[in-house]
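Subject: Handing over the structure

Dear colleague,

I am passing on the structure below, together with some notes on what was found in it. Please read them with the structure open beside you.

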Number of protein chains: 2
Amino acid sequence: MSRASAHALGAPLVTIIGDGQLARMMHQAGIELGLTTRVLAGAADSSTAQVTPDVVLGDYTNRDHVEEVSRGSDAVTFDHEHVPNEFLEALIAEGINVQPQPKALVNAQDKLVMRKRMREIGAPVPPFMEITSMDEIREFFDITGGNVCLKTRRGGYDGKGVWFPATADDAAELVADLLEQGLPLMAEKKVQLVRELSAMVARTPSGEVRTWPVVESVQEDGICVEAVAPAPDTSASILTAAEELARVVVSELEVTGVLAVELFETVDEAGQPEIIVNELAMRPHNTGHWTQDGCVTSQFEQHLRAVLDRPLGDTSPIGPTTVMANVLGADNDPNMAMRRRMDEVWRRYPNAKIHMYGKEWRPRRKMGHVNMVRTEGQSVDELRTAAREAANYLVTAQWTDGYTG
Amino acid sequence: MSRASAHALGAPLVTIIGDGQLARMMHQAGIELGLTTRVLAGAADSSTAQVTPDVVLGDYTNRDHVEEVSRGSDAVTFDHEHVPNEFLEALIAEGINVQPQPKALVNAQDKLVMRKRMREIGAPVPPFMEITSMDEIREFFDITGGNVCLKTRRGGYDGKGVWFPATADDAAELVADLLEQGLPLMAEKKVQLVRELSAMVARTPSGEVRTWPVVESVQEDGICVEAVAPAPDTSASILTAAEELARVVVSELEVTGVLAVELFETVDEAGQPEIIVNELAMRPHNTGHWTQDGCVTSQFEQHLRAVLDRPLGDTSPIGPTTVMANVLGADNDPNMAMRRRMDEVWRRYPNAKIHMYGKEWRPRRKMGHVNMVRTEGQSVDELRTAAREAANYLVTAQWTDGYTG
């Protein structure tokens, strides 16, 4: 590949630590804003490095690499939460503008810290407890009547780092194992899940806040497979409460950039729906991909504007419903070029917006997503089916409904 | 700038000859399609080279440079019409896939060839004549009763290369001058302009065709300043005729990729509205920028899909009206950073979609554009005013309507 790129004179420079699809789509959004992105990437053929010219190859766990890529930026931001906070504190001490800041980020890194903070600000969380011994998990098992969800405090995602032990003995044994591995743990009461919601919001360092419509997020084996915006069949009071909660959380925690508040909708003791906070993510999030084709301002554009402390954009939806379906690597990679699979999807669904990440196949890997906006006369269920057929075809080269063209 | 990018394995590669905003926005659109772009750029800080990693520095009038950048591509396309056709014929002879092909491109390069071809296929053009002498222009001046528009056959754009001589003597003198400079000329009858329209369409090598809604294009001093989609206050029969004409032209000329058919709406001898073809552009076009935020499929995505002979996307509008206003360099560059001007525009219009090209100020230079989709309760005129206020602020740092925030 030839290399002959230079930055535009005077354009704001945003450094993104990370090389995955989120950084890739941030770069894409930054192009039209006339700003410049620089990325710290692990590999030249990573999702982001494929499409952007200013790439520093390095490792986000190496303090020197993080400093090198950050110097001279107007803002430093992330496509994941795994940069050690002490590195970020050092950058800030040097006068570098890091957004979001470590004081906020810690709530997206440590589930116990987050739950304590949520309790402080009055945000709903299930009963939880730090677990440092077998005795404690036995105690918590008793308290919750056996409804225990055990989690590593740090590093879990896409269903990893979460267990539902069936007996107190199982729980105690699991805890002993995990503590032996040096993993800090917490437990919380397993809730009766009605559905998962996600409330997306952005905030600038100056305090401007804008929310997007709340979405339903559908998970399979702990991985998001679909997001529907706005969340269908959900009471208006729950949607309002979720959006308001996102506002409170983003402001109280002084998050900057995009925040995803992942929520469980459950049922309280009186049989009324209620929401509780599950996870926080402080960056563009899978449940916000629909905004690329379904909103005036996408989460990627908004994140860049927010970390640069610039006015936020209109988050109005542009259609009555938008569905995002993830393109998740199937167990086997079908013997048809991805290009041809995309063509078949476009032939069947000319309104399918396919977003690919430039990633090679691996089972269950997020390789892309499909956005579709509901058209006149189409039901929400029909839209959801179409989006999932499209996404599924991209990894299986088969229609599940027998369509033959 | 660091350089550590590699292509995604197996991704289709599109080479774009050209480094302006059109290639920049093609690259942006290609990111989500998972395809790879390579550009032939004149400078490392050109609009496109700023944002894309695979840049070959060179000159499109150098045959070796054009060949070097084209080899190994799945398709070669353009952001302008100025590559010599003999280079392209040589590429095709080597087996390289050039889209659109020279046989179509010549109609976007030579106004006389185009008008003759339009007449052949029954597309409406005004009376015209090749001009190779002072006598011929005097004859044409007589025939048209003095309503003469003199043009260079090649290379004119944005109002350059077009003259309206007031007298036969002026016309003859001008022609003598221009012929002396070696410029091939043509003349056509000046029409009574009602408005300018643009009918955008895309076609694949396999023959799939999709049109977008026809827009009104507003010109000042020969430069497009605004496009309104769909064209307001225009009869349905004219809009239908324009769209159908675009279909005929793209098919008869076997254009591939995006074609802009620039039209004059005029009045026939019976006082009825009619359209005539003004210019053809075989690439994404300024009057199609609105599709980025106003349509399911943008002209940039569609162009890439079309030149790769892949199924075309839905061209439905996503709002009732979309306006595009060009950000044209003012006579003086105001003493306020562009970043701050953008912020002021976003503060006043949170739904303004600003697209910047990474270009430095020059008077009348196209530096960016603003798209706005009409919202509920807003009139088309209010929308147009808002878009033009936004675009104007970006180059003057002033509101023309006295707005003070």
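Predicted model: local features only at pLDDT ≥ 70, side-chain atom pairs only at ≥ 80, totals over all residues.

Because Arg153(B) sits in the loop between strand E6 (148-152) and strand E7 (162-163) of chain B, while Asp110(B) sits in the loop between helix H4 (102-109) and helix H5 (111-120), the pair ties together parts that are 43 residues apart in sequence.

Arg210(B) pairs with Glu208(B), with 3.5 Å between the closest N and O atoms. Here Arg210(B) counts as partly exposed, because its relative accessibility is 23%, and Glu208(B) is likewise partly exposed, at 29%. In chain A, a network of salt bridges links Lys111(A), Arg115(A), Lys151(A), Glu188(A) and Glu279(A).

Also in chain B, helix H1 (residues 21-32) is mostly covered, with 12 of its 12 residues buried; among them are Arg24(B), His27(B) and Glu32(B). Just after this helix, Gly34(B) adopts a positive phi of about 70 degrees.

Turning to chain A, you will find it divided into domain 1 (13-98), domain 2 (127-189) and domain 3 (195-396). The centres of domain 1 and domain 2 of chain A, taken over C-alpha atoms, are separated by 35 Å.

Chain A also contains an open sheet of four strands, which follow the order E5-E8-E6-E7 with antiparallel pairing. Strand E5 (128-131) and strand E7 (162-163) of chain A stand at its edges, and because each has a single partner strand, one side of each is left without a neighbour in the sheet. The antiparallel pairing of E5(A) with strand E8 (residues 185-189) of chain A runs over four bridges, and Met186(A) in E8(A) is the bridge partner of Glu130(A). Helix H6 (residues 134-143) of chain A lies across E5, strand E6 (148-152) and E8 of chain A, and runs at about 165 degrees to E5(A).

With best wishes

Conventions
Residues numbered from 1 in each chain as written. Chains lettered and ligands numbered in written order. Heavy atoms only, no water. Buried < 20%, exposed > 50% of the residue type's maximum accessible area, 1.4 Å probe, protein only. Helix = DSSP H or I, 4+ residues; strand = E, 2+ residues; numbered from the N terminus. Domains from an automatic or database assignment. Pairing = 2+ DSSP bridges. Contact = heavy atoms within 4.5 Å. Axes fitted to C-alpha atoms, helices over the stretch in contact; angles between N-to-C directions. Salt bridge = Lys/Arg side-chain N within 4 Å of Asp/Glu carboxyl O.
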